[in-house]
Amino acid sequence: MQAWQVHENGEPSEVMRLAETEPPVPGDGQVLLRVRAANVNFPDALLCRGQYQVRPPLPFTPGVEICGETGDGRRVLATPALPYGGFAEYAVADAAALLPAPETLDDAEAAALHIGYQTGWFGLHRRARLEAGETLLVHAAAGGVGSAAVQLGKAAGATVIGVVGGAEKAAAARELGCDVVVDRHAQDVIAAVKEATGGRGADVIYDPVGGEAYAQSAKLAAFEGRIVVVGFASGTIPAPALNHALVKNYSVLGLHWGLYNTRNPELVRHCHERLTGLAARGAIKPLVSERVPLGGAAAAVQKVADGRSTGRIVVTTEGAA
């Protein structure tokens, strides 16, 4: 089979190599899946760089989220068990963690539903307890993680403010349903959000960026606001001033979605049922901006790593040798 492999850590475009390999052999409790589509996530770039919290042994195949097919023809969502990731024709995954792919989504859309939307659902509902009528601020609103949070926020009845970088991403954020879009390249984020909220700020702030975005979040949190920290795509991990959180009476909430897979997997299944229902009625639908063949995976991961993507880039195995 064909599989992308990383033999040394570095930038994805430099260290990912397409190779002919033997299909992986499932271990105890695992199943072999034919990969139908693999969604590109920022953690794939971190894996290549050796900067992710999980460091699989070299060589490994990145690709942490797929829509695959079981031996009996079932279409499923899975997070492959590294080192046999999803940028390949076959991957392995834990049998107990497989989830049925929603019938209303095609392979590429289904591949993009799992991690980003689960993270959004847990962040907004489980951690921040977002309520209808509240204001949700989403950083990187046109990106893969942010776009999911925008759709979930709208589905929950929130007013959604999206912060993006550039006119193209601003247009995408409007199409996603943002009530207000702030282009950080052309506007003062703090002033624009203050104006949009009458000076009050946002009840819930969803931050997959860190760095300057977090500094803005702290200034924009409303009374009893909740800042949900889900990642550091900027590369800078902020150091929150807890005295500021005390004086302004807001909360800083961390979200590590992967922990739920081991600590409370039933909640993951419950969330998937909710997401499937939302997809069935058209309330959410992954924004797949590009569908690339297996041979384009390295360039796709690099594009996401560089912050040049809008929505999701999905690698498909159609036509792979």
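Visitor: Which residues is Gly210 in contact with, leaving aside its neighbours within four places in sequence?
Guide: Gly210 contacts Gly231, Phe232, Ser234, Thr236 and Pro238. Keep in mind that this is a predicted model.

Visitor: Where does Gly210 lie?
Guide: In the loop between strand E11 and helix H8, which covers residues 212–220.

Visitor: Is Gly210 buried or exposed?
Guide: Buried. Its relative accessibility is 1%, and the cut-off for buried is under 20%.

Visitor: How far is Gly210 from Leu32, C-alpha to C-alpha?
Guide: 37 Å. Along the chain the two are 178 residues apart.

Visitor: Let's zoom out. How many helices and strands are there?
Guide: Twelve helices and 15 strands.

Visitor: What does the C-alpha trace span?
Guide: About 60 × 40 × 35 Å along the principal axes.

Visitor: And how many of the residues count as buried, in percent?
Guide: 54% of the 321. The accessible surface comes to about 13,800 Å². Carbon and sulfur atoms account for 50% of that surface.

Visitor: What share of the contacts joins residues 24 or more positions apart?
Guide: 66%, counting contacts with a separation of 6 or more.

Visitor: Charges next. How far apart are the mean positions of the positive and negative ones?
Guide: 6 Å. There are 28 positive and 33 negative charges.

Visitor: Now Asp203. Where is it found?
Guide: In strand E11, residues 202–207.

Visitor: Buried or exposed?
Guide: Asp203 is buried, at 6% relative accessibility.

Visitor: What does the side chain of Asp203 make a polar contact with?
Guide: One partner is the side chain of Arg200, at 2.7 Å. A polar atom of the Asp203 side chain also lies 2.8 Å from the backbone nitrogen of Thr135.

Visitor: Which residues does Asp203 touch, not counting those up to four places away in sequence?
Guide: Glu134, Thr135, Ala222, Glu224, Gly225 and Arg226. Ala222 comes up again with Gly199: their C-alpha atoms are separated by 8.9 Å. Those two are 23 residues apart along the chain.

Visitor: Where is Gly199, then?
Guide: In the loop between helix H7, residues 189–196, and E11. Gly199 is partly exposed, with a relative accessible area of 38%.

Visitor: Switching to helix H2. Which residues in it are buried?
Guide: Asp44, Ala45, Leu46, Leu47 and Cys48. H2 runs over residues 42–49.

Visitor: What covers the buried residues of H2?
Guide: The cover includes strands E1 (2–6), E2 (16–20) and E3 (30–39). Helices H1 (12–15) and H12 (297–305) are also part of it.

Visitor: What follows H2?
Guide: Gly50, with a positive phi near 75 degrees.

Visitor: Which residues have a positive phi although they are not glycine?
Guide: Arg129 is one, at about 55 degrees. Asn249 is another, at about 60 degrees. For background, most residues other than glycine have a negative phi.

Visitor: Where do Arg129 and Asn249 sit?
Guide: Arg129 is in the loop between helix H4 (114–127) and strand E8 (135–139). Asn249 is in the loop between helix H9 (242–248) and strand E13 (251–254). Asn249 is partly exposed, at 37% relative accessibility.

Visitor: Where are cis peptide bonds found?
Guide: One joins Leu58 and Pro59, with omega about -10 degrees. Another joins Leu82 and Pro83, with omega about 20 degrees. Pro59 is in the loop between H2 and strand E4 (66–69). Pro83 lies in the loop between strands E5 (75–78) and E6 (90–94).

Visitor: Last one: Thr70. Where is it found?
Guide: In the loop between E4 and E5. Thr70 is buried, with a relative accessible area of 6%.

Visitor: What does the Thr70 side chain make a polar contact with?
Guide: The side chain of Asp72, at 2.3 Å. Leaving aside neighbours within four places in sequence, Thr70 is in contact with Leu33, Val76 and Leu98.

Key. Residues are numbered from 1 along each chain as its sequence is written. This is a predicted model: local features need pLDDT of at least 70, side-chain atom pairs count only at pLDDT 80 or more; totals for chains, interfaces and linings use all residues. Side-chain values use heavy atoms; hydrogens and water are left out. Helices (H or I, at least four residues) and strands (E, at least two) are DSSP runs, numbered from the N terminus. Buried means under 20% relative accessible area, exposed over 50%, partly exposed in between (1.4 Å probe, protein chains only). Contact means heavy atoms within 4.5 Å. Accessible areas come from the Shrake-Rupley method with a 1.4 Å probe; for residues, only the protein chains shown count as cover. Lys and Arg count as positive and Asp and Glu as negative; His and the chain ends are not counted. The place of a charge is taken as NZ of Lys, CZ of Arg, CG of Asp or CD of Glu. A polar contact is a pair of N or O atoms within 3.5 Å; within protein, one must be able to donate a hydrogen and the other to accept it, and residues adjacent in sequence count only if both atoms are side-chain atoms.
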